[in-house]
Amino acid sequence: MDWQAHYETGDTPWDEGAPHPALLDFIAASGPFHGRILVPGCGRGHDVRAISTQSNAVIGLDLAHGAIAHAESFPKSGCERYMAGDLFNLPAELRSSFDWVVEHTCFCAIDPAMRPVYAASVADALRPGGHLFAIFYLDPAADHQPPYGVALAELDRLFSPHFELIRQWTPARTFEGRESRELIRILRPKPVATGRWPMQE
């Protein structure tokens, strides 16, 4: 998909104009994200600005230069910055450098054939002991174009080689039309293979 063309024409139906409500709820309950945070597929940066504070360092990454231009047009909420770039080809200085990767709408937008590469790339971006906070689409309204849904068994298959599951839950709040179609997972890179994953809450 030509993401740049979508931003040039203003055809961005995935952009809700606000950070994900469940991300705001997580921050309210758990406190701000600390350290270095990567938000891949950041679009206009709504989630980036929700995460950013004066004491952390958030990078919003997107393939589309138009998305980055839009994101940079908003007033900053902290020390966030934006980069045009490819999660699958991160520069050396960004590898193994993040305490958190925050996923929302990137995984569901890529070609499903690239999902194993996505899981490996996120693991590569995280420091040892880092975490992935991910909002996954389980059942989007359409499956012939982004957003692409994903089954629980596929999530386990894709991420278990690289991550251990710390926690998962269905968000209490989301955007209209997404109710019961999302799952939040917090995952941590595996230093070595581990046993069974925790049960769903």
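**Entry 1: F33.** I began with F33 and found its ring buried, since the relative accessible area is 2% and the cut-off for buried is under 20%. A reminder to myself: this is a predicted model, so every value here is computed.

**Entry 2: the partner of F33.** Next I looked up the aromatic pairs, and the structure holds twelve of them. One of these joins F33 to W100 in an edge-to-face arrangement, with 4.9 Å from centre to centre and 90 degrees between the planes. I then checked where the two residues sit. F33 is in the loop between α2 (21–30) and β1 (36–40), while W100 belongs to strand β4 (residues 98–104).

**Entry 3: a second pair.** I moved on to F107 and F136, another edge-to-face pair, at 5.2 Å centre to centre and 75 degrees between the planes. F107 lies in the loop between β4 and α5 (115–125) and F136 in strand β5 (residues 126–137), so this pair ties together parts 29 residues apart in sequence. Are F107 and F136 buried or exposed? I found both of them buried.

**Entry 4: the cluster.** Back to F33 and W100: I see them again in one aromatic cluster, together with F26, F133 and W169.

**Entry 5: charges over rings.** W169 from that cluster has R167 over its face, 3.9 Å from the ring centre. I found R49 with its charged end over the ring of F74, at 3.9 Å from the centre.

Methods: Residues numbered from 1 in each chain as written. Predicted model: local features only at pLDDT ≥ 70, side-chain atom pairs only at ≥ 80, totals over all residues. Heavy atoms only, no water. Phe/Tyr/Trp six-rings, centres within 6.5 Å; stacked < 30°, edge-to-face > 60°. Helix = DSSP H or I, 4+ residues; strand = E, 2+ residues; numbered from the N terminus. Buried < 20%, exposed > 50% of the residue type's maximum accessible area, 1.4 Å probe, protein only. Lys NZ or Arg CZ within 6 Å of the ring centre and 35° of its normal.
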